[in-house]
Amino acid sequence: MIPAKFDYTRPSSLEEAIGALAAGGEDAKVIAGGQSLLPLLRLRFAYPSVLVDVAGLAELHGVRDAGDALEIGALTTHYELTKDPLVAAHCGLLAEAAATIADPAVRHRGTIGGALAHADPAGDLPAVITALDATLIATGPDGTREISPADFFADYLTTSLAPGEILTAIRVPKLDGWGYRYEKFHTTAQAWAIVGVAAVARRADGHVAEARVGLTNMGSVPVRAHAVEAAAAGAEASAAALAAAAASADEGTNPPSDLRGAADYRRHLARVLTGRALAAAVGV
Amino acid sequence: MTATDLPAAEVGRARARKEDARLITGQTNWTDNITLPGMVHVSFVRSPHAHARIASVDVSAARGAAGVFAAYSGADFAAEQGSLPCAWPVTPDIVIPEHPSMAVDTVRYAGEIVACVVARDRYAAADALELIDVTYEPLEPVLDMEQALADGAVQLHAAGNKSFTWPFGNGDIDAAFRDAPVVIERTYRQQRLIPSAMEPRAVVCAPVADEYTMWTSTQIPHVLRVMLALVTGIPEHKLRVIAPDVGGGFGSKLQVTAEEVLALLLARKLGRPVKWTETRSEGNVAVHHGRDQIQRVRIAADADGRIRGLDVDLLADMGAYLMLVTPGVPLLGAFMFNAIYKMDAYRFNCTGVFTSKTPTDAYRGAGRPEATYAIEHLMDDLAAELGMDPLALRERNWIKHEEFPFTTIAGLTYDSGNYEAATETAKELFGYDALRAEQAERNAAGSPVRLGIGISTFTEMCGLAPSRVLGSLAYAAGGWEHASIRMLPTGKVEVVTGSSAHGQGHETAWSQIVADQLGVPFEDVRVLHGDTAISHKGMDTYGSRSLVVGGTAIVNACDKVRQKARVIAAAMLEVSPDDLEWSDGRWAVRGDPDQGKSIGEIAFAAFAAHGLPDGVEPSLDSDATYDPDNFSFPHGTHLCAAEVDTETGQVRIRSYVAVDDVGVVVNPLIVEGQVHGGIAQGVAQALYEEAAYDSSGNLVTASLADYLIPSAADLPSFTTARTTTPSTLNPLGVKGVGEAGTIASTPAVVNAIVDALRPFGVADVPMPCTPERVWRAIQEARGAATAPPAAATPASASGPGPNPDAQDDSREDRSAR
């Protein structure tokens, strides 16, 4: 379809971008890869007054080693996440999940920052960075601040970014020695997850020392499965024990009912897939 | 010419397609690529309501918008738009409601056109659409076929919600069911599908004085020209219809659309070229849909599995109106429910029902996939009931190789077939026995991932169609095809065909046929089609008819060329025509093969025309119009192995073997492509696709984000093979292949899923077999079973399930949640 008219600006610095965004007011929107925003525009679900295209901002590109964490520029594409050696070495979950996003064309255009700022609970990366305990870094007219995933994802398609604020980077702790799995359950390869489970786990002495689990599409925001994490900590590293720990995966979730599945089916899937994701992360 | 110079036979060569270089390098002539001086763009306001009275339409604000030339409501066209045609009044008392291109006072499906804007570009038109103010008085939608026919139902049309009932049958059905040792009864649902051609529809219509040229993304330029003349009153000879490059149709472009009629009327009104190109989400509500049947089927058999009788009662959803062949589509299935099987009696009954949804019409296979799905599912169910291997049950009942030609219970005479050969080949490629053993092991072990084997031993009727048969079925037109051969002076050949390719590769296949027929190089043949000013006569492309009917017309035209050439060659060689024989692609003197003339040499002689015998015209050009005597009957055996994750409901096709018998193959590469694409499309019906409506009658699968079509990433590698039993009904021995894969694969996949789950007591999973539906079918069977399904369930996967009807509740439309 055909979008309604909008103004377009392509700033050459972050400062300029923040200025343009602030000047644009409520209806100004940031565009990066455009893989989420353009469909909304074409369906006339969104009528932005101005698009601030951040694609030219070099400082938002690339993956940087920041000691005990990786700092991933918001404009890093999904494809780059799947190929980046630092991500592969220290944060394999991100690469594994990015490889499941949509199709190659989308992965080459879509960016991690765009996917997170879009805040679609059916998107893959929100649950992944939730499981990773990542930190989102945003810069706005009032300076730079760090936001936890729990605070960043406010509601369905809604973040806590203030007007004029731009998500610039994501800081992901290195999880060297941890196992991981993104268990994505979808009908066709290009479809969104009906349910997705992002799990990371550290194993010691035949037991799970520590596990973290994020759930895709089990509510209006990505969900951290705290009950599972508590049950898994100290559990025997066996499929049966992890399946038992996963029994509480749907606790505190509020999954949608739609064409792909009713809420009760999603709850069931969350339990089954969490067991599988933990087992894979732990290596059993 | 020595033996080594013999031109290799072109028919049978796996030639890369001539048209592809153009198609894949952006040199195509899609309708949307056409730009004419002064051209304006039209966009349509479509009803957001499934059923409503139109209280008012105010287009004044849109008329004043920037870049807008005109805006109209249905009332502005009421006097001239006529009614969109239905060419298949299947019964004398059929209800064919008025179907204006632009609704005037009532809308009957969400997506129906109520107003339009004509602007300098499509962007201005899209903006101005938002300025049109339509006031609707919503009425209750009619969404369910059974409820539509119930007393007190909301009536969509003054004449009611029933369009027709069409009865058919042969043999004493009551006797067949009376005292039958085994009778099983099932209800299957054919979900509604959206054809999803790669190229959305588009039309450009240009007026010059009182003549009009229309470029449109259609399968049927010839039929469309006739129909546009009849609908609008514009004389046929002042209409030219061109189907330029067309990016697929699957039946969806076998239509006379509201947008085409309105483009023509707007071009006349405005005196300017008018263009319309649909968007995907517009197309999903506006392109005719396919399938959508409730199939109540009953089969009676002897204890040894011999079929006694088959009783079919269909409800077919017409949608809100009858379009070009809407009512005829389910009736094409009437001849196919009996499939390859012998039986004593057969009864078929179909009722066409109006609902407030997008009209349905032909979709790849048109009536035959529906029938094949039902009978092949039913054969599996019967085998389970009898405790027989489902392949053995089929063999017990199919027409034996030596019994051809065979007149079926539905009255068609199948000329040829070899079900034994195709099945044997398929079993071997599939590793049938080993997979059955693995299935038994998994069942015995209580594996969470079960294995199922799905079978589809299908046939279909292709080569639509003998005109006398179409006449007996009350279709308004014939089923012949036309071809012309133009011999150019330099020996090159132009083939004008009435077939209208939209992705099939006719330019290549037709060139191969003509190369052999006239002894010319493949490269020297050019195929012209899809323009009524060039190909003046044709019945176009659908129903796997082009090669069988159109190809035969070409062979016949080539034969006429050869016969004309023979007379001229005789004069050139100073011998009698009787002394010549057609040998190695030229006319040569019998017994003296060095004395001969190629068709090119003869063509130049005809062009020069210096020494032609008295009364011989200086031309080799020839026409032929061929009307087939019978349908052709491709068949095959498709086997699918599916793994079903019983914990999640996820289905994975592990292997798929397709052995097709499509008769003689002109181009194996094209046939392979048709089979692959066909299987993918049939798998899509089994697993993914469904046009879903909410409770107020809005399509909730209006974009490809919601209407799931599979990509290569979702499909296994297909193992394909062929057996070749030539058709005896046409000189090429061909049968058609455009729909075979689609017809065969849907039941193969669903049968595999059900086969995997029969140990749980599952007897059906409604299509599409989404993970959720598969999972629920298992849960419901578990809940209904008196005892939980133990790992120790007898390993015979084809054993009868304890609760064959457990699926009934899961068939509701989940989109209504």
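B:Asp540 is a buried residue of this predicted model, with 27 other C-beta atoms within 10 Å, where buried means 20 or more such atoms within 10 Å of a residue's own, exposed 12 or fewer, and partly exposed in between, the C-beta atoms being placed from the backbone. Although B:Asp540 is not a glycine, its phi is positive, at about 75 degrees, and its place is the loop between strand E21 (525–528) and H17 of chain B. Helices (H or I, at least four residues) and strands (E, at least two) are DSSP runs, numbered from the N terminus.

Residues are numbered from 1 along each chain as its sequence is written, while chains are lettered from A and ligands numbered from 1 in the order in which they are written. Because this is a predicted model, local features need pLDDT of at least 70 and side-chain atom pairs count only at pLDDT 80 or more, whereas totals for chains, interfaces and linings use all residues.

**Confidence**

- The predictor gives the complex an ipTM of 0.97 and a pTM of 0.95.
- Chain B has an average pLDDT of 94, and 95% of its residues score at least 70; pLDDT is the predictor's confidence in each residue, from 0 to 100.
- Residues 1–6 of chain B stay under 50 in pLDDT, and the model has 2 contacts for them beyond four places in sequence, a contact being a pair of residues whose C-beta atoms, placed from the backbone, lie within 7 Å.
- Over residues 787–817 of chain B the pLDDT is likewise below 50, and beyond near neighbours in sequence this stretch has 76 contacts in the model.
- Where pLDDT is low, the predicted coordinates should not be read in detail.

**Where the chains meet**

- On the side of chain A, 17 residues are in contact with 24 residues of chain B, and the largest share of that side, 3 residues, is supplied by helix H12 (residues 263–282) of chain A.
- The residues on this side of chain A comprise 12 nonpolar, 5 polar and no charged, given that Ala, Val, Leu, Ile, Met, Phe, Trp, Tyr, Cys and Pro count as nonpolar, Asp, Glu, Lys and Arg as charged, and the others, Gly among them, as polar.

**The nonpolar core**

- The largest nonpolar core has 344 residues, and those with the most contacts inside it are A:Ala199, A:Leu278, B:Cys116 and B:Ile753; such a core is a set of buried Ala, Val, Leu, Ile, Met, Phe, Trp, Tyr and Cys residues joined through C-beta atoms within 7 Å.
- Helix H17 (residues 546–573) of chain B gives this core its largest share, 13 residues.
- Leaving aside neighbours within four places in sequence, B:Cys116 is in contact with residues including B:Val42, B:Phe44, B:Tyr72 and B:Leu262.

**Helix H14 of chain B**

- Helix H14 (residues 432–445) of chain B has 14 residues and reaches 20 Å from its first C-alpha to its last, close to the 20 Å expected at 1.5 Å a residue, the expected span being 1.5 Å times one less than the number of residues.
- The buried residues of H14(B) are B:Gln439, B:Arg442 and B:Asn443, and they lie on the same side of H14(B) because they cover an arc of only 100 degrees around the axis, taken over the directions from the helix axis to the C-beta atoms.
- An α-helix has 3.6 residues a turn, so residues three or four places apart point the same way.
- The other side of H14(B) has exposed residues, namely B:Asp433, B:Ala434, B:Ala437, B:Glu441 and B:Ala445, while what covers the buried ones includes strand E18 (449–459) of chain B.
- Just after H14(B), B:Gly446 takes a positive phi of about 65 degrees.

**Other backbone features and buried sites**

- The peptide bond from B:Phe404 to B:Pro405 is cis, with omega near -5 degrees, and B:Pro405 lies in the loop between helix H12 (390–397) and strand E16 (406–407) of chain B.
- A cis peptide bond also joins B:Leu464 and B:Ala465, with omega about -5 degrees, and B:Ala465 is in the loop between E18 and helix H15 (467–472) of chain B.
- B:Ser511, in helix H16 (residues 506–518) of chain B, is 16 residues from B:Val527 in sequence and 6.9 Å from B:Val527 in space, C-alpha to C-alpha.
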